[in-house]
Amino acid sequence: MPDPLRIEAGERTADEILAALREGRRVVVRTEMLGGDHEVTLRHDGTTFYCDTPTTLHRHEEEAAMRECIENRGYGREA
């Protein structure tokens, strides 16, 4: 498995994050939530996209839904 891509929230575009996920890389995003700094892990298993936060695991069947999640939560910036 390739090394994860570690980024700060908003450092990369949603397109760059999705490209890394399609390549099979996990993307670890350092972000502020719940009053502190936390890491969120984004991944793709070839079928489903996952967003593993400190409080829950989100699943997205479509890339468009994952893009929306990345942008809405501030993990990636719009292109």
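User: Is H60 buried or exposed?

Analyst: This is a predicted model, and in it H60 counts as buried, because its relative accessibility is 14% and the cut-off for buried is under 20%.

User: Which element does H60 lie in, and what is it in contact with?

Analyst: H60 lies in strand β5, which covers residues 57-60. Leaving aside its neighbours within four places in sequence, H60 is in contact with T48, F49, A65, M66 and C69.

User: M66 makes me think of the core. How many residues does the largest nonpolar core have, and which have the most contacts inside it?

Analyst: The largest nonpolar core has 18 residues, and those with the most contacts inside it are L21, V27, L42, M66, I70 and Y75. Two or more residues each come from β1 (5-8), α1 (14-22), β2 (27-33), β3 (36-44), β4 (49-52) and α2 (63-72).

User: Which one gives the most?

Analyst: That is α1, with five residues. As background, nonpolar side chains in soluble globular proteins tend to be buried together.

User: What does L21 touch?

Analyst: If residues up to four places away in sequence are not counted, L21 touches V27, L42, R43, H44, F49 and M66.

User: Switching to β1, which residues are on its covered face and which on its uncovered one?

Analyst: L5 and I7 form the covered face of β1, whereas R6 and E8 form the uncovered one. In a regular strand the side chains alternate between the two faces of the sheet.

User: In what sense do β1 and β2 pair?

Analyst: They pair in the parallel sense, over four bridges, and L5 stands opposite V27 in β2. Between these two strands the chain crosses through α1, and this β-α-β crossover is right-handed.

User: Zooming out, what is the order of elements in the whole chain?

Analyst: The protein chain has two helices and five strands, which run β-α-β-β-β-β-α from the N terminus on.

Notes: Residues are numbered from 1 along each chain as its sequence is written. This is a predicted model: local features need pLDDT of at least 70, side-chain atom pairs count only at pLDDT 80 or more; totals for chains, interfaces and linings use all residues. Side-chain values use heavy atoms; hydrogens and water are left out. A nonpolar core is a set of buried Ala, Val, Leu, Ile, Met, Phe, Trp, Tyr and Cys residues joined through side-chain atoms within 4.5 Å. Buried means under 20% relative accessible area, exposed over 50%, partly exposed in between (1.4 Å probe, protein chains only). Contact means heavy atoms within 4.5 Å. Two strands pair if DSSP finds at least two bridges between them. A crossover is right-handed if, with the strands pointing away from the viewer, the path from the first strand over the helix to the second runs clockwise.
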